[in-house]
Amino acid sequence: MAVNSGPPPYYENHGYQPENFYISRQPVDANMYPQYPPPYYPPSVPHYVPRVPVHQSAPPVVQPKPPSAKMCTKVKKTLCIVLSVAIILSGAVIAAILIWYFVTNSCLGSSIECGSSGICVSPSQWCDGVAHCSNGEDENRCVRLYGSNFILEVYSSISKSWYPVCKDDWNDNYGKIACKDMGYNVNTYYSSQGITPERGFTSFMRLNTSAGNIDLYKKLYNSDSCVSGAVVSLRCIVCGLSRKNANPAGRIVGGSAALVKEWPWQVSLQIQGSHVCGGSIITPEWIVTAAHCVEGPLSSPSYWSVYAGILKQTETRYRSGSRVQKIISHPNYDSDSKNNDVALMKLQTPLSFTDTVAPVCLPNPGMMFQPDQQCWISGWGAEYQGGKTSNVLNAVMVHLIERSICNSAEYYNGLVLPTMICAGYLNGGKDSCQGDSGGPLVTEKNSVWWLVGDTSWGTGCANRRRPGVYGNMTVFTDWIYRNMQANR
């Protein structure tokens, strides 16, 4: 969290990197300095990759070898043959391993494999009304939770629409199956209950209880009636619980230290014992962060440790962090514009939830966050511009800002894309800063805390007309569920 400290250079809210960071950097000419754009709105979102001059020198003079050096003795010839054979065999083994890898991992990147055929299907082709898998599993396992009441909806590829599930004959066993198909572990399952919808539905998905022992979604059919009049509200995980008072008074400008149990979903992502970025717990196995935190060499899971349930960085000296099994960045992430700045980390060992370690709720489709809505940001980022990361977890309240305002010429001049959301104060004073990247932007609704965004970029810290820019989580929820499904 940061306090306004004057007009700064433009920078991306990336985590603080100590001087002894593990990545070796190419030497830069002593006369080269980073070129900062004007202190007003920049022409584009910067990325700090220093330009390294390429020095060209004359090719070395190759002295011809004397004839005697070109001849091998019999022993040397034998060694040459043995080495050549060994190199060929080694190459063949490596090639075989690579072929085996690509055959057994036929769906790489963000694609999802059809279990029946092994065909790779793009996430955008799931639930699009066209059966791309031979058994149609890309169309008959399409569920989602809608709105702030977690209404279970199922997609009908026939009518190409989403319908709520009628509570008639529904039970927890069906609820667990639905949660599993959204990528949740059944061990986190909470409840299926019937609620009267806030808006009237005219069509429902109902269970055909006489359908026999077949797949759940083959038992569902479209109906214009629901005897009970109630629809299924499904909670796959208890999330968004906090001891935080959402409307405190007398906050210190620039934020203040967080208290125990206020932000139990906040994690510190570290490399070699140094805090680099923040993240948010969404399930025992999955963390949401920013793609720019894990781009390039940082995309290797082996570099990272995840610390949950801490308030001070010094606590990490006496405990071990969770290891990371897999990192998935959004396939359409753009490092220049910071478009689609979101990534997932899957942990090797699931977290154990407590009062200080707990998930935040992903926003469901149909949820609308209004301009000027009160939100909170938290992290161990610098407390002033150019400073080092904080030892203490800080938090501050900010307001959502309408995109049209953020994109006006006096603010960010069109740089805020639909995958982004602005939050802060137009006059500055409270903001995220270096080291807060990837951390949560949250709001409370219906006594539940929702993940609105992940800290992405901004101009300086807490500057006038330069609010923070965050990844718009409502755009990414479907992508997150798809990847949780594909990587269970």
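**Strands, helices and salt bridges**

Visitor: Which residues point one way from β16, and which the other way?
Guide: Ala 343, Met 345 and Leu 347 point one way, Leu 344 and Lys 346 the other, and all are buried. Buried means under 20% relative accessible area, exposed over 50%, and partly exposed in between (1.4 Å probe, protein chains only). Strands (E, at least two residues) and helices (H or I, at least four) are DSSP runs, numbered from the N terminus.

Visitor: What kind of model is this?
Guide: This is a predicted model: local features need pLDDT of at least 70, side-chain atom pairs count only at pLDDT 80 or more, and totals for chains, interfaces and linings use all residues. Residues are numbered from 1 along each chain as its sequence is written, and side-chain values use heavy atoms, with hydrogens and water left out.

Visitor: Back to β16. How many bridges does β13 make with β16?
Guide: Four, in the antiparallel sense, with β13 covering residues 286-289. Two strands pair if DSSP finds at least two bridges between them. Thr 289 has Ala 343 of β16 as its bridge partner.

Visitor: And how many bridges from β15?
Guide: Five bridges join β15 (residues 322-329) to β16, also antiparallel. There Val 324 partners Leu 347.

Visitor: What about β22: which strands are joined to β22?
Guide: β19 (residues 420-424) is joined to β22 by four antiparallel bridges. β21 (residues 448-457) is joined to β22 by four bridges as well, and runs antiparallel to β22. Cys 422 stands opposite Val 469, and Thr 455 pairs with Tyr 470. In β22 (residues 468-472), five of five residues are buried.

Visitor: New topic. How many salt bridges does the whole structure have?
Guide: Five. A salt bridge is a side-chain nitrogen of Lys or Arg within 4 Å of a carboxyl oxygen of Asp or Glu. One of them joins Arg 206 and Asp 168 at 3.3 Å, N to O. Arg 206 is in β7 (residues 204-207), Asp 168 in the loop between β5 (161-164) and α2, 38 residues apart.

Visitor: Is that pair buried or exposed?
Guide: Arg 206 and Asp 168 are both buried.

Visitor: What does Arg 465 pair with?
Guide: Glu 410, at 3.5 Å, N to O. Arg 465 sits in the loop between β21 and β22, Glu 410 in the loop between α3 (403-406) and β19, 55 residues apart. Arg 465 counts as partly exposed because its relative accessibility is 30%. Glu 410 is partly exposed too, at 39%.

Visitor: And Asp 478: which side chain does Asp 478 meet?
Guide: Arg 482, in a salt bridge of 3.9 Å, N to O. Both lie in helix α4 (residues 473-486), four residues apart, about one turn. Asp 478 is partly exposed at 47%, whereas Arg 482 is buried at 6%.

Visitor: How far is Gly 175 from Ser 191?
Guide: 7.5 Å, C-alpha to C-alpha, and 16 residues apart in sequence.
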